[in-house]
Amino acid sequence: MRGLGEVFITLGVVILLFVVYQLYWTGVLADRARADEMRKLDEARKRTVAAMPRDVPVAQAPKQAPYEDGEPFGTMYVPRFGSDWYKTIRPGVSPKELQKGLGWYKGSAQAGEDGNFAIAGHRKTYGDPFLNVPKLQVGDKIVIEGITEWFVYSIDKPVSLNGDKAVLKTIPEDVHVLDAVPEKAYRTPGKYITLTTCEPEFGSTHRLIVWGHLESRTPLAAGKPAALQG
Amino acid sequence: MYGWIWRTLPGNVWVKLLISLLLVLAIVYALFTWVFPWAEPLLPFSDVTVDQENVTNTTGPGGAPRPAGATGATSPAALPGGLPG
């Protein structure tokens with residue numbers, strides 16, 4: 001009987017260690033992955049600048065290339081989440097990609113283009129990127145620093161929500177929130193962004209959705225957009 | 001179990017203690033490196049996708065069917081696993 005007790009205690013310790021792994025260690029892994037992704041982005045930006053013809057004015061940034069699998073294509077900043085919050089984005093929303101930062105729904109629009117630029121992120125674990133999505137408000141800015149351009153999106157009130165709420169709670173099967181013109185948010189076509197994450201924090205029964213529209217698109221060389229200053 | 005391990009370890013108390021410590025570290029390392037990453041997707045709270053079956057039914061609740069061609073640009077509605085969490 002004593003052996004059985006020891007087995008139970010051991011199992012308990014292993015489960016506690018798993019909690020430490022989920023809550024703490026995945027954050028460490030995510031920070032490392034982000035540093036890696038930032039380095040890749042830096043190189044990609046430098047390569048693009050080096051490849052640019054000299055006589056092109058700064059204002060005419062080259063058109064962005066199609067996103068490549070396994071390559072981060074931008075950094076997201078959300079002033080509402082704090083000035084130290086930034087996450088990298090890469091194509092794909094499988095668990096493997098989301099361990100490295102935010103994921104772009106393949107097949108959705110690219111940043112700044114017509115349609116819906118759709119991004120997924122963990123609410124908890126792996127650095128808790130979208131932990132504070134419920135705090136987002138109408139008019140908050142989402143800034144993407146791409147390879148060649150800045151994109152600034154402004155969060156809208158979805159047409160299906162009352163009051164001034166910006167965050168929609170829905171079920172995981174509700175994939176139409178990613179439509180080019182998501183009917184729960186907009187009536188007319190435009191250049192939109194969608195953020196999706198888990199609800200509740202430690203669950204996966206629901207999803208939180210936030211939408212915004214493109215407000216500006218400027219070359220990287222033009223400097224940080226106003227939304228990130230001050 | 002632990003009593004048996006302790007008796008089996010060679011050397012005096014200090015050597016036993018050192019070996020035990022190394023064993024514990026090795027086990028924790030193995031858990032964090034292989035076991036937990038493997039177990040993670042098997043647990044419900046990190047289950048970030050939904051059944052394929054459910055996805056095909058998405059037009060059911062929540063909205064009128066969309067007129068064909070009204071969406072304009074590409075849509076990722078053919079998402080294999082629903083919205084990840």
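What follows is a short chat about a helix and some strands in this structure.

Reader: Before we start, what kind of model is this?
Author: It's a predicted model, where local features need pLDDT of at least 70, side-chain atom pairs count only at pLDDT 80 or more, and totals for chains, interfaces and linings use all residues. Residues are numbered from 1 along each chain as its sequence is written, while chains are lettered from A and ligands numbered from 1 in the order in which they are written.

Reader: OK, how far does H1(A) reach?
Author: Helix H1 of chain A covers residues 2-51 and reaches 71 Å from its first C-alpha to its last, close to the 74 Å expected at 1.5 Å a residue. That expected span is 1.5 Å times one less than the number of residues. Helices (H or I, at least four residues) and strands (E, at least two) are DSSP runs, numbered from the N terminus.

Reader: Where's the kink in H1(A)?
Author: It's centred on A:Tyr21 and is about 40 degrees. The bend is the angle between axes fitted to the seven residues ending at a residue and the seven starting there.

Reader: Switching to strands, how many residues of E8(A) are buried?
Author: Nine of the nine, so E8(A), residues 191-199, is largely enclosed by the rest of the structure. Buried means 20 or more other C-beta atoms within 10 Å of a residue's own, with C-beta atoms placed from the backbone.

Reader: And which way does E4(A) run beside E8(A)?
Author: Parallel, with six bridges joining them; strands pair if DSSP finds at least two bridges between them. A:Ala120 stands opposite A:Thr196 in E8(A).

Reader: What about E9(A), parallel or antiparallel to E8(A)?
Author: Antiparallel, over eight bridges. A:Thr197 has A:Leu208 in E9(A) as its bridge partner, and a hairpin joins E8(A) to E9(A) through six residues.

Notes. A residue is buried if 20 or more other C-beta atoms lie within 10 Å of its own, exposed if 12 or fewer, and partly exposed in between; C-beta atoms are placed from the backbone.
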